[in-house]
Amino acid sequence: MKVAICGYGAGNVRSVELAFRRLGARITGDVRGADLAVLPGVGAARAAMAGLRVRGHDADLRTRFAEGAPILGICLGLQLALSCTEEDGGVDGLGLVPGRAVRLREGRVPRIGWAEVDDRGAFYFAHSYAAETPCATAWSEGVVAEVRHGSFTGCQFHPEKSGALGAGYLESLCLSLA
Amino acid sequence: MPLPRLIPCLDVAGGRVVKGVNFRGLRDVGDPVELGAAYSDAGADELVFLDVKATLETRGTLLHLVRDVAERLAIPFTVGGGVRSAADAEELLAAGADKVAVNSAALERPALVTELSAALGAQAVVVAIDAEGGRVRSRAGTADAARDAVDWAREAEERGAGEILLTSIDADGTRAGYDLELTAAVAGAVDVPVIASGGAGNARHVADALQVAQAALLASILHEDPARLCTLRDEVRELGVVVR
């Protein structure tokens with residue numbers, strides 16, 4: 001299985017690569033042709049969108065989505081797939097998934113640490129914004145934890161940082177595409 | 001709220017994990033790659049790696065070591081030591097860190113926190129504060145920063161810090177318990193998560209720290225026996241703190 005990681009100049013792309021390599025995937029730079037394209041999840045929204053545009057990944061991802069080719073967005077990667085985000089004074093997203101990202105208003109922000117996702121166990125979160133979308137498929141403490149829409153899957157948690165449980169999540173996703 | 005976290009800390013100097021008492025008398029306690037992997041396997045919630053000599057020797061952090069440690073981890077990984085610019089921080093993230101911790105450089109130039117937060121997002125920026133008698137010390141505890149710890153924590157948050165890692169130099173390595181008073185003061189002054197550090201000697205100390213902070217840093221209490229993390233977690237749970 002070929003996995004393309006859409007880097008945007010910041011963030012820990014390597015941990016996502018390592019997680020997929022451990023599952024036996026091959027990492028490719030070909031975003032359009034990969035079996036799965038991953039939009040990883042560390043950074044600030046404005047800089048990340050600008051980084052995607054510079055690399056042409058915004059167009060690549062829209063094309064993939066239109067073709068029904070699988071895309072995984074992690075954390076900020078989920079939020080960038082929405083229509084827009086409140087972050088950095090308001091930034092337009094890729095618009096693959098209806099909805100927007102809004103600033104968390106309860107508890108300590110950033111929301112950092114391991115939290116239950118429905119009844120699936122605890123995954124690792126590190127975020128200040130969260131999705132408001134009709135496409136939510138899992139929740140964690142009232143926060144949207146997973147989104148599915150067309151060929152797009154987004155997770156607000158970091159499966160690549162969630163130990164064995166996170167590895168299992170990515171493996172299931174890969175198996176569902178095989 | 002997410003679950004309280006237990007975070008092993010690797011203080012690294014010269015490529016080895018070291019530990020001192022009150023920041024002095026550093027001794028070798030192991031290999032960072034092996035210890036990092038052992039903690040990850042033992043169920044650590046995160047791992048912190050502090051290159052304690054980077055600031056003193058004004059050299060860049062040990063990128064290759066960060067790379068090797070990250071290779072073996074599937075948990076969040078914070079790296080600190082010698083970060084002076086967003087470019088330094090991005091190098092660490094590229095090597096496999098998820099967050100960077102800044103200390104002396106942020107005290108010397110507080111705008112660094114703002115720059116890091118804009119480039120990496122607040123969730124990737126940890127401001128580490130070393131405090132003695134409630135006052136901030138810089139350069140691995142060797143210099144007086146002429147600041148109050150609570151005030152500096154508040155400013156760091158305003159500038160975009162995503163977490164405060166608060167180390168009590170008074171308590172560091174003593175195994176006599178965390179500085180709960182200082183930790184509570186800082187946690188009460190900011191809305192970002194606070195990681196308590198310095199002084200863990202037993203499960204009660206850790207459980208007490210997790211009543212006032214969102215995470216507890218663990219070093220001396222673990223280094224001679226990484227498997228201690230598993231038993232410590234069970235003991236903390238028995239004391240009524242829900243941990244992962």
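# A guided tour of a predicted two-chain model

Begin by selecting A:Gly24, which lies just after helix α1 of chain A and takes a positive phi of about 90°. The structure on the screen is a predicted model. The predictor assigns the complex an ipTM of 0.92 and a pTM of 0.94. For chain B, the mean pLDDT is 90, and 94% of its residues reach 70 or more.

**Helix α1 of chain A.** Which residues of α1(A) are buried? They are A:Val13, A:Arg14, A:Ser15, A:Val16, A:Ala19 and A:Phe20.

**Helix α5 of chain A.** Next, select A:Gly168, which is placed in helix α5, residues 163-177 of chain A. This glycine counts as partly exposed, because it has 15 C-beta neighbours inside 10 Å.

**Chain A as a whole.** Now display chain A alone, as a cartoon. Chain A contains five helices and 13 strands. Along the principal axes, its C-alpha atoms fill a box of roughly 40 × 35 × 25 Å. A compact globule of 178 residues would have a radius of gyration near 16 Å, and the 15 Å of chain A agrees with this. Of the 178 residues in chain A, 56% are buried. Among contacts in chain A with a separation of 6 or more, 65% join residues 24 or more positions apart.

**An open sheet in chain A.** Colour strands β5, β6, β7 and β10 of chain A. These four strands form an open sheet in the order β6-β5-β7-β10, with mixed pairing. At the edges stand β6 (91-92) and β10 (129-132); each has a single partner strand, so one side of each is left without a neighbour in the sheet. Zoom in on β5(A), residues 82-85, which pairs with β6(A) in the antiparallel sense over two bridges. Within this pair, A:Cys84 stands opposite A:Asp92.

**Where the chains meet.** Bring chain B back into view. How many residues of chain A are in contact with chain B? There are 31, and they meet 30 residues of chain B. On the chain A side, α1 (13-22), β8 (111-116), β9 (122-127) and α5 each supply at least two residues. By class, this side has 17 nonpolar, ten polar and four charged residues.

**Strands in chain B.** Move to strand β5 of chain B, residues 77-80. Both of its faces are covered: B:Phe77 and B:Val79 are buried on one side, and B:Thr78 and B:Gly80 are buried on the other. In a regular strand, side chains alternate between the two faces of the sheet. Strand β4(B), residues 47-51, pairs with β5(B) in the parallel sense over four bridges, and B:Leu47 has B:Phe77 as its bridge partner. β5(B) also pairs with β6(B), residues 99-102, again in the parallel sense, over three bridges.

**The nonpolar core.** Finish by selecting B:Ile164. It is one of the residues that touch the most other members of the largest nonpolar core, which has 151 residues; A:Val38, B:Ile7 and B:Val100 are also among them. Beyond its neighbours within four places in sequence, B:Ile164 is in contact with residues including B:Val127, B:Ile129, B:Ala153, B:Val186 and B:Ile195. In soluble globular proteins, nonpolar side chains tend to be buried together.

How values were computed. Residues are numbered from 1 along each chain as its sequence is written. Chains are lettered from A and ligands numbered from 1 in the order in which they are written. This is a predicted model: local features need pLDDT of at least 70, side-chain atom pairs count only at pLDDT 80 or more; totals for chains, interfaces and linings use all residues. Two strands pair if DSSP finds at least two bridges between them. A nonpolar core is a set of buried Ala, Val, Leu, Ile, Met, Phe, Trp, Tyr and Cys residues joined through C-beta atoms within 7 Å. A residue is buried if 20 or more other C-beta atoms lie within 10 Å of its own, exposed if 12 or fewer, and partly exposed in between; C-beta atoms are placed from the backbone. Two residues are in contact if their C-beta atoms, placed from the backbone, lie within 7 Å. The radius of gyration is taken over C-alpha atoms; the globule rule is 2.2 Å times the number of residues to the power 0.38. Ala, Val, Leu, Ile, Met, Phe, Trp, Tyr, Cys and Pro count as nonpolar, Asp, Glu, Lys and Arg as charged, and the others, Gly among them, as polar. pLDDT is the predictor's confidence in each residue, from 0 to 100.
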